[in-house]
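Here's a quick tour for anyone opening this structure for the first time. Have a look at the sequence and the fold, then come back for the notes.

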Amino acid sequence: MEAIRTESPDKFSLPEQVNRLKRACQAHPMPSLEQRRNRLSALKGALLAHKQPLCDALALDYGQRSDYDSLVADILPCVMQINYSLKRLKGWMRPARRHPGLLLAPARVEVHYQPLGVIGIMVPWNFPVMLSLGPLIGTIAAGNRAMIKLSEFTPHTNAVLRTLLAQVFGDDEVVVIEGDAGLAAAFSTLPFDHLLFTGSTAVGRLVMAAAAPQLTPLTLELGGKSPCLIAPDMPLALAVERMIFGKSLNAGQICVAPDYVLLPRGQEQAFIEAYQAHFRRLYPKGLDSPDYGSIINGAQYERLTAWLAEAKQAGAQVHPCASPARDDGARRLVPHLLTEVPGHCQLMQQEIFGPLLPLVPYDSLDEALAYIAARPRPLACYLMSLDPALQSRLIRETHAGGMAINECLFQVAADDAPFGGIGPSGMGHYHGHEGFLTFSKAKTVLRRGRFSAGTLIHPPYRRWYQRLMMALFLR
């Protein structure tokens with residue numbers, strides 16, 4: 001097969017790229033189980049062969065990023081997802097038998113899962129491997145072809161991904177695009193059979209508006225302000241141990257990282273001390289710890305430091321987890337816990353996407369749950385509590401894309417469960433079987449033989465057996 005083209009087309013040639021993929025879909029509308037398995041296995045082999053180049057490239061793009069962060073958060077989830085899909089793909093592809101019911105009998109009703117066609121995948125910069133190959137795995141499992149728009153902020157990683165994908169797919173199967181926001185805007189207007197976007201809520205609105213004229217179906221993986229509620233029964237040291245990794249991995253640049261902490265009033269100082277102590281255990285050299293990452297680029301670093309300065313000026317108290325607390329040249333920022341942050345500050349209004357963590361005290365659990373409910377529905381919600389009744393209440397009463405109880409972040413790693421947002425945190429879901437379904441058309445097929453009961457309801461109407469049928473079924 002031909003290699004994936006190594007240069008990105010300009011926005012005016014993008015439609016031809018989609019049309020080329022669509023023509024390939026028409027020529028091969030239903031890849032076999034063996035073909036899909038072979039492609040997934042080849043993708044896994046290429047990913048494993050390139051794991052160190054990918055880690056090196058991610059470190060170059062960030063300035064500092066631990067290989068282990070990249071392995072755990074970018075590469076391992078893809079390998080696990082491929083393994084899971086390979087084991088279950090045969091069952092997913094099998095037509096599902098449904099009941100026709102007495103009215104349609106005799107008949108056979110099945111649901112067949114057909115590839116949608118060409119899937120567009122828009123990739124953010126924070127996990128460029130997992131958030132490009134992860135959707136691609138579901139796309140290939142469902143028998144589709146893909147066009148992938150990589151982030152312009154991860155050029156070194158993009159180069160490795162291009163090489164990796166070129167070893168597995170032809171340019172009539174997967175096309176890789178790079179470019180700035182203008183090209184991304186053009187990409188979102190293309191007539192894909194499905195478009196998956198991962199990024200901010202603000203940009204997600206623009207993508208949805210751009211896709212609307214083509215009636216392109218969308219999966220939007222956005223973010224929002226994911227709360228972490230610490231209940232009165234939870235030991236603070238245990239709560240910190242369970243949540244700190246989710247705010248430290250990738251320096252907090254994660255869509256499902258805790259965005260603020262709700263904790264019993266009066267426990268703020270104890271929480272701060274426990275958090276600072278645990279951070280020093282995880283990263284004993286503070287900013288110089290090789291396992292702690294940098295902020296991706298100058299624009300994101302300046303945004304975070306500006307929001308921090310705004311909060312301080314508005315009267316917030318800032319508690320960094322190490323000293324020195326920042327390195328402007330290397331774009332490194334240790335976690336900063338903040339108390340008494342006024343509600344109008346950006347830290348309380350926008351998704352933080354970095355190592356800043358406001359603490360919000362509450363006087364009762366009713367107050368805490370009302371605080372969460374009064375805000376836009378988040379991508380993740382975390383509860384630190386050993387009380388089964390409270391756990392059940394939060395599951396029952398709180399809306400979120402996903403939840404984790406006495407854990408943080410790892411709900412995303414569940415291969416056999418969907419991942420997706422709700423409302424401002426997104427729409428649709430993928431991962432595992434749900435990804436296969438998202439990228440498939442569930443097509444109902446009704447079969448009949450020589451006899452059809454349907455002729456009994458043909459005109460002329462009001463014959464005696466038609467009146468009997470209406471009396472039988474309309475009750």
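Predicted model: local features only at pLDDT ≥ 70, side-chain atom pairs only at ≥ 80, totals over all residues.

Among the things to look for are an open sheet of 6 strands, a set of 16 salt bridges and a largest pocket with about 1300 Å³ of space.

**The open sheet**

- Strands pair through backbone hydrogen bonds, and the pairing can be parallel or antiparallel.
- Reading across the open sheet, the strand order is β5-β4-β3-β6-β7-β17, and the pairing is mixed.
- The two edges are taken by β5 (174-178) and β17 (426-427); each has a single partner strand, so one side of each has no neighbour in the sheet.
- Inside that order, β6 (residues 194-198) and β7 (residues 218-221) run parallel to each other, with 4 bridges between them.
- To find a spot where these two strands meet, look for Leu-196, whose bridge partner in β7 is Thr-219.
- Helix α1 (residues 14-27) lies across β3 (118-122), β4 (145-150) and β5, and its direction makes an angle of about 155° with β4.

- Strand β2 (residues 108-115) pairs with β1 (residues 96-98) in the antiparallel sense, over 3 bridges.
- Here Arg-97 sits opposite Glu-110 of β2.
- β2 also has an antiparallel pairing with β18 (residues 440-447), this one over 8 bridges.
- In that pairing, His-112 has Lys-443 of β18 as its bridge partner.

**Charged pairs**

- Side chains of opposite charge can pair up when their charged atoms come close.
- The count of salt bridges in this model comes to 16.
- One of them joins Glu-173 and Arg-39, with 3.1 Å between the closest N and O atoms.
- Glu-173 is in the loop between α7 (155-166) and β5, while Arg-39 is in helix α2 (residues 33-49), so this pair ties together parts that lie 134 residues apart in sequence.
- Is Glu-173 buried or exposed? With a relative accessibility of 7%, Glu-173 counts as buried, because the cut-off for buried is under 20%.
- Another salt bridge links Asp-74 to Arg-65, the closest N and O atoms being 2.9 Å apart. Both Asp-74 and Arg-65 are buried.

**Empty spaces**

- Rolling a probe the size of a water molecule over the atoms shows where empty space is left.
- How many cavities of 30 Å³ or more does the structure hold? The answer is 1, and the largest cavity has about 40 Å³ of space.
- The lining of the largest cavity includes Pro-77, Cys-78, Met-130, Leu-131, Tyr-430 and His-431.
- Helices α4 (67-93) and α6 (130-141) are the elements that give two or more residues to that lining.
- The largest pocket holds about 1300 Å³ of space. Its lining is made of 44 residues, and those nearest its centre are Gly-199, Ser-200, Thr-201, Ala-202 and Val-203.
- Elements giving two or more residues to the pocket lining are α8 (181-187), β6, α9 (201-211), α12 (298-313) and α13 (346-349).
- The largest share of this lining comes from α9, with 7 residues.

- His-278 is part of helix α11 (residues 268-282), and it is buried, with a relative accessible area of 11%.
- Leaving out residues up to four places away in sequence, His-278 touches Val-240, Glu-241 and Ile-244.
- Gln-269 is in helix α11 too, but it is partly exposed, with a relative accessible area of 45%.
- Gln-269 and Leu-338 are 69 residues apart along the chain, and 11 Å separates their C-alpha atoms.

Note on methods. Residues numbered from 1 in each chain as written. Heavy atoms only, no water. Pairing = 2+ DSSP bridges. Contact = heavy atoms within 4.5 Å. Axes fitted to C-alpha atoms, helices over the stretch in contact; angles between N-to-C directions. Salt bridge = Lys/Arg side-chain N within 4 Å of Asp/Glu carboxyl O. Buried < 20%, exposed > 50% of the residue type's maximum accessible area, 1.4 Å probe, protein only. 1 Å grid on protein atoms, 1.4 Å probe; cavity = no way out; pocket = protein on both sides within 12 Å on 5 of 7 lines; lining within 4 Å. Points joined across faces, edges and corners; volume = space filled by probe spheres on them.
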